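I am opening my notebook to look through one protein model. I will write down each thing as I look it up.

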Amino acid sequence: GDARVRGQTGVLSERRGSYPFIDFRLLNNTTLSGEIGTKKKVKRLLSFQRYFHASRLLRGIVPQASLYLLDEDYLGQARHMLSKVGMWDFDIFLFDRLTNGNSLVTLLCHLFNVHGLIHHFQLDVVTLHRFLVMVQEDYHSQNPYHNAVHAADVTQAMHCYLREPKLASFLTPSDIMLGLLAAAAHDVDHPGVNQPFLIKTKHHLASLYQNVSVLENHHWRSTIGMLRESRLLAHLPKEVTQDIEQQLGSLILATDINRQNEFLIRLKSHLDNQDLRLENAQDRHFMLQIALKCADICNPCRLWDLSKQWSERVCEEFYRQG
């Protein structure tokens with residue numbers, strides 16, 4: 001069908017993502033209603049769909065409706081919620097409504113500031129915001145479960161774990177940034193179906209990653225593509241950015257449910273032997289992997305009202321796959 005969807009601003013835009021398959025009829029049209037015809041395509045790094053679809057902005061789509069602006073009452077409530085962002089009863093659904101569907105961007109901007117990451121890594125605030133918007137928009141809003149609200153929920157849970165005293169005192173700014181970025185982008189461009197579905201339907205992603213951690217590899221590569229495209233870390237030394245990219249991959253790949261036993265056995269061994277040394281960078285990275293895995297599936301541990309909503313959403317998404 002039609003790959004165009006109406007965004008929150010009322011503007012028709014191309015749905016960016018890996019699934020469903022591309023409607024090639026759209027690619028052959030150089031002019032669409034309300035657009036300035038152009039042949040220039042923006043090749044977004046490492047994303048199959050983005051390679052083919054032109055940038056909405058560069059195609060000059062004329063806005064059909066004004067932006068929805070939040071009034072001070074809503075902004076005040078959102079700010080009040082952020083003052084309690086470290087609490088386990090944080091209601092991400094309410095926060096998403098108060099931020100007009102921008103929970104992930106708003107939350108990450110706040111957490112980067114709270115943890116002093118903007119100052120420590122000398123990040124450009126505008127570039128950071130642009131990168132976070134790219135991440136948020138690459139989640140599929142039509143997914144009942146694997147959407148940007150889930151990413152924001154996982155990020156908030158990760159923030160709670162990063163504040164745990166036994167871990168917090170050892171964490172470096174790099175550890176914190178990696179943890180938050182991995183949480184925010186761990187399911188980016190999720191198609192709403194699982195790995196066995198992609199393999200059985202011979203999806204191009206399954207072929208690309210040879211049926212191994214298909215979704216997780218795609219989430220990681222998409223994240224690296226957006227990091228490079230936004231140039232968020234371009235001012236850092238090359239060896240530093242390469243290390244960040246590799247560690248992000250290690251964290252995101254750890255969320256593969258097929259590797260669950262591997263991590264549980266290793267964690268149990270560390271606990272039995274009491275040989276975790278958080279002064280050691282490798283042990284800290286392992287704990288970040290465990291934290292991200294816990295944050296990713298923490299829904300049943302939330303308050304009942306929140307847990308019930310997540311359960312209904314994930315059941316709906318599985319039902320749609322069926």
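In which hand, left or right, does helix 8 pass helix 16 at their crossing? I looked it up: the crossing of helix 8 and helix 16 is right-handed. I note that this is a predicted model.

**Entry: helix 8 and helix 16**

I checked the axes next. Those of helix 8 and helix 16 (residues 281–296) come within 8 Å, and they cross at roughly 135 degrees. Angles over 145 degrees would count as roughly antiparallel. The two helices, helix 8 and helix 16, are therefore oblique to each other. Then I listed who makes the contact. From helix 8 I have His-150, Val-154, Ala-157, Met-158, Tyr-161 and Leu-162. From helix 16 I have Leu-288, Ala-291, Leu-292, Cys-294, Ala-295 and Asp-296. I recall a rule here: an α-helix has 3.6 residues a turn, so residues three or four places apart point the same way.

I tested the length of helix 8, which covers residues 148–162. At 1.5 Å a residue, its 15 residues should span 21 Å. Its end C-alpha atoms are 21 Å apart, so the two values agree. I also looked at how covered helix 8 is: 14 of its 15 residues are buried. At its start, I found a side-chain oxygen of Asn-147 within 3.1 Å of the backbone nitrogen of Val-149.

**Entry: helix 7 and helix 13**

I moved on to another pair. The axes of helix 7 (residues 125–137) and helix 13 (residues 214–230) come within 10 Å and cross at roughly 150 degrees. Because the cut-off for roughly antiparallel is over 145 degrees, helix 7 counts as roughly antiparallel to helix 13. Helix 7 gives Thr-127, Arg-130, Phe-131, Met-134 and Val-135 to the contact. Helix 13 gives Thr-223, Met-226, Leu-227, Glu-229 and Ser-230. The crossing of helix 7 and helix 13 is right-handed.

**Entry: Asp-189**

Is Asp-189 buried or exposed? I read 0% relative accessibility for Asp-189, so Asp-189 counts as buried. I placed Asp-189 in the loop between helix 10 (173–185) and helix 11 (195–200). Its side chain makes a polar contact with the side chain of His-218, at 2.6 Å.

**Entry: the whole protein**

Last, I stepped back. I count 17 helices and two strands in the protein. Of its 322 residues, 49% count as buried. I also looked at contacts with a separation of 6 or more: residues 24 or more positions apart account for 73% of them.

Note on methods:
Residues numbered from 1 in each chain as written. Predicted model: local features only at pLDDT ≥ 70, side-chain atom pairs only at ≥ 80, totals over all residues. Heavy atoms only, no water. Helix = DSSP H or I, 4+ residues; strand = E, 2+ residues; numbered from the N terminus. Expected span 1.5 Å × (residues − 1). Buried < 20%, exposed > 50% of the residue type's maximum accessible area, 1.4 Å probe, protein only. Polar contact = N/O pair within 3.5 Å; in protein donor to acceptor, adjacent residues only side chain to side chain. Axes fitted to C-alpha atoms, helices over the stretch in contact; angles between N-to-C directions. Parallel < 35°, antiparallel > 145°, perpendicular 65-115°, else oblique. Left-handed = near helix turned anticlockwise from the far one by under 90°. Contact = heavy atoms within 4.5 Å.
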